[in-house]
Amino acid sequence: IGVVFGDIGTSPLYTMKETLGTHGMTPTPAAVLGVLSLVFWSLVIVVSLKYVTFVMRADNKGEGGIMALMALAQRSMSGSARARWTLAAFGIFGASLFYGDGVITPAISVLGAVEGLQIAAPGLGQYVVWIALVILLCMFAVQRYGTHKVGKAFAPVMTVWFLVLALLGARQILANPEVLYALNPWHGVRFFIRHGDTSFIALGGVVLALTGAEALYADMGHFGKKPIRVAWFGFVLPALVLNYFGQGALLLSDPLAIESPFYRMVPEALLYPMIVLATAAAVIASQAVISGAFSMTREAMSLGYSPRMAVVHTSREMSGQIFVPWVNRMLMVLVIVAVLFFQSSDNLGAAYGIAVTGTMTMTTLLALVVARKRWHWSWPTVVLVGVLFLIIDLSFFGANLLKVAHGGWFPLVLGVVLFSVMTTWRRGRELVVREIKQGGLALAPFIENIAEHPPLRVPGTAIFLTANQHAVPHALLHNLKHNKVLHERNVLLTVEILETPVAEAEERIEITTLEGNFFGLELRFGFAEDPNIPQALSMCTREGLGFDMMDTTFFLSRENIVADARRPGMALWRDKLFAFLSRNAMPATAFFQIPGNRLIELGAQVEI
């Protein structure tokens, strides 16, 4: 309750106001009942049926989220390179839009909470933006200390928040019970019939009630399916429905309350405590999305879609609690820009829907692939389920596309930029590996030649990091050429990141014994793990290849990437972008936690 439902739990702050108070809509009784019906059935179909029941079945060894789902779908499509790339494109674009969600959620949630001051003390309205900025800056400043330091406060605050949502809503429903007619889906249908094009635009506001649905799936790895399902159906969903219907009941009796239906439900004496509680809930909702951005970045790095960055573990007990300084700084800058540019939660509502609905659509497509290829659903079942969910997803997405000029461009531009960066990094690494493989000497003849013309051997073990177990690493050739020596024992080490969260014990280590005291060693890690080579090497003793770290030297080729327009592979601007990213990426040695005092790096120029 404290971590998973923060985002969707703060949606009542702005959903009804954005849907019925803008785009020429007026809160007539028919419109209020129609929008409430759409909100209720959207929560039932999209969150309860699609995410909680259907998508959460697609767990990648317990892990959720769009990157884990993409890896699972790709594994289900083994054999077809084009199909795997298409699935990767869906996953990367969905992940790129999720970062847009990570920018807009803190901005809209905190602004929506602080805007209660305009009701409590209208004179403070001019300071709302600056108060929100101070809160957001403090929130990003404490990220380095980790969510576990403040995590104990999350659950009580959010539990109180949902109880207050339910009580406020129930109070209004008791005063105006005819609002319950909105449970009938016919009111939603009549809303479309009566309002025509305006009703389609209003869908862009209705989708705000679903923000945070992706978090239910992304946080599955931390809590498991059952606790999330029990909390949703037994506590969170009833509280949200009561509050939305309470706002509707208030609007039926007082249409002028549309200026802030959430805060108009609050008794005047409790307005300031409610603003404080709402702000705390908004910060918690923002925290959940920011933490999700950190986790997704680590997964993207492991799967090869993002440059390596420093990852700080903020908890000794929970491996998933991490802090990525670079991502934190970028999110902070973008959130500040969003607040200063859009100025209010109403304006941000136009930008919010695109990010949410885009990610939802990509999640549906990937889950359908898993259902067909992994669960072996029949084609009629897949088509039936796909048509139901995609019609809803694409309707929401289409409604938000109409708001591109009013702010929807913001997450789209951000998504396209991040998509370009992620695909360029992935393609660039493939080209570098290809160049290294093409330029390398075959290993078997090299070992034979060494046996016939043995160089001077020095005591100890040399470990050469390489992407190709069948070619001589450049670092080994340079060492032999310039130092005229070869170590007593030479190990060619390849690190592979799997498409599963955690590597099984039997697949983690693979050792190949070669001639001349050469060994091939492959270490495998899951995408949710932190690759620690020294720790993995200590486990090799059980496999018959022991290492004394004081007698072991690591050799690594550091590639200097040069963009060359004559070489096929990528456009020149992408070559230059990849070269820039490569220069600024965290060194592989630090990423793999190789001690610097046991390392020798040798330069190599690679043209792509």
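I began with the surface: the chain exposes about 25100 Å², of which carbon and sulfur atoms supply 62%, the areas coming from the Shrake-Rupley method with a 1.4 Å probe, where for residues only the protein chains shown count as cover. I noted that this is a predicted model, in which local features need pLDDT of at least 70 and side-chain atom pairs count only at pLDDT 80 or more, while totals for chains, interfaces and linings use all residues. Residues are numbered from 1 along each chain as its sequence is written, and side-chain values use heavy atoms, with hydrogens and water left out.

I then looked up the overall form. The C-alpha atoms fill a box of roughly 95 × 50 × 45 Å along the principal axes, and the chain holds 25 helices and 8 strands, taken as DSSP runs numbered from the N terminus (helices H or I, at least four residues; strands E, at least two).

Of the contacts (heavy atoms within 4.5 Å) with a separation of 6 or more, 82% are between residues 24 or more positions apart.

I turned to the nonpolar cores, each a set of buried Ala, Val, Leu, Ile, Met, Phe, Trp, Tyr and Cys residues joined through side-chain atoms within 4.5 Å. The largest has 172 residues, and those touching the most other members are Phe 5, Leu 43, Met 67, Trp 161, Trp 232, Tyr 263 and Leu 523. Helix α5 (residues 81–114) gives the most to this core, with 15 residues. Leaving out residues up to four places away in sequence, I found Phe 5 touching Met 158, Phe 162, Leu 216, Ile 228, Ala 231, Trp 232 and Val 236. Another core, of 14 residues, lies apart from the largest one and includes Phe 464, Ala 475, Leu 480 and Leu 486.

Setting aside neighbours within four places, I listed Glu 63, Gly 64, Met 67, Ala 68 and Phe 527 as the contacts of Glu 299. From C-alpha to C-alpha, Glu 299 and Ala 471 are 29 Å apart in space and 172 residues apart in sequence.

Notes
Buried means under 20% relative accessible area, exposed over 50%, partly exposed in between (1.4 Å probe, protein chains only).
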